Amino acid sequence: MAEKTTVLNLPEDELVHPGNRACAGCGLSIIYRIGLKALGRDTILVVPPSCLTVLQGLYPIAATQLPCLNVTFASTAAAATGILAALRAQKNTSTTVAAWAGDGGTSDIGLQALSGACERGENFIFICYDNEAYMNTGVQRSGTTPQGVLTTTTPISGKKQKKKDVPAIIAAHGIPYVATASAAYPIDFYDKIKKAKTISGPKYIHVHTPCPSGWGFNPRYTIKIGRMAVESGLYDLYENENGHFELSGPSQRLLKKDRRPVSEYLETQARFRGLSEARIASIQQEVDAKWETYRAQPS
Ligand SMILES: Cc1ncc(C[n+]2csc(CCOP(=O)(O)OP(=O)(O)O)c2C)c(N)n1
Ligand code: SF4
Ligand SMILES: [Mg+2]
């Protein structure tokens, strides 16, 4: 049986230098450090404009030790496809190609290139870190911003539309591996990347990534707030492997124990302060209904 991953047996090799330009408490800097440990040195990264390009910085003071192609917003998956073609021409079958894009660069701009790459069956890993808005340019709403959230483009009554379910859209392409993860559960994220590396074809991992600056909370609570999103059943951790859906540990456990009220999560962040009591009650009802369908599924 494979050894269980813990913080004690993660690779010691650090592929992200300390002292990068992310804000204090940034969820992205946690998953980027852990995620690169899982990907390993034999990896080429593809990154569109986002907080990650800022975190990384520019040569010669880049925070990342791996080769990285910074590409235009819409072209992440297309650029990854080009790198794969170049590696094939070199008869290189070992190097991992991994795209890291924000929710704006995945769910809105960039979705067509990602859809095309999934449909073609490109052998890459696409990681979407979802901080639920266009953070790098000043907190504009994106396709994955939840309904009711205050952003600089939805400043009065919050976003009107619901959060776009990007993992479900990508799963509908019939690719071999789709998973969700959270920056608050970095070991689970690490294990999912390790698994994705063993699978041929497109792999998609969507990571809920708390952002103190854009969500309006004290940077010391990044992990706590990420966990509350999962423990309230609002954001679920799962794997979909060749169409087989399975809740992952922290979410699986919620089938047998009480979930936190969603209000506990919502009241931790300034971005939700426009929500009325009635709206919070209806979010709770939606979450309860979703979990009834999980419970009704054969295990
Ligand atoms: C075609 C194009 N439109 C807009 C921009 C400006 N821009 C740069 S980063 C960014 C926000 C990216 O948001 P997201 O993908 O969610 O990543 P985050 O900043 O939240 O990490 C925008 C709008 C751009 N670089 N290119
Ligand atoms: S704005 Fe948010 S995602 Fe961007 S660097 Fe700061 S904390 Fe991280
Ligand atoms: Mg974003």
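Two strands pair if DSSP finds at least two bridges between them, and strands (E, at least two residues) and helices (H or I, at least four residues) are themselves DSSP runs, numbered from the N terminus. The model in your viewer is predicted, so local features need pLDDT of at least 70 and side-chain atom pairs count only at pLDDT 80 or more, while totals for chains, interfaces and linings use all residues. Residues are numbered from 1 along each chain as its sequence is written, and chains are lettered from A and ligands numbered from 1 in the order in which they are written.

Begin by selecting residues 177-182, which form strand E5. Six of the six residues are buried (20 or more other C-beta atoms, placed from the backbone, lie within 10 Å of a residue's own; exposed means 12 or fewer, and partly exposed is in between), so E5 is largely enclosed by the rest of the structure. Tyr177, Ala179 and Ala181 point one way from the strand, whereas Val178, Thr180 and Ser182 point the other way.

To get from E5 to E6 the chain passes through helix H7, residues 186-197, in a right-handed β-α-β crossover (with the strands pointing away from the viewer, the path from the first strand over the helix to the second runs clockwise).

Now select residues 238-241, strand E7, which pairs with E5 in the antiparallel sense over three bridges, with Val178 opposite Asn240.

Then show the whole open sheet, whose eight strands follow the order E2-E1-E3-E4-E6-E5-E7-E8 with mixed pairing. Strand E2 (68-70) and strand E8 (244-247) stand at the edges with a single partner strand each, so one side of each is left without a neighbour in the sheet. From one strand to the next the twist averages 15° (angles run from 0 to 180 degrees between N-to-C directions of axes fitted to C-alpha atoms, for helices over the stretch in contact).

Finally, select ligand 1, which is surrounded by 16 residues (C-beta atom, placed from the backbone, within 6 Å of it), the closest being Ser50, Cys51, Gly102, Gly104 and Asn136. Helix H4 (103-108) and helix H2 (51-56) each supply at least two residues of this shell, and the largest share, three residues, comes from H4.
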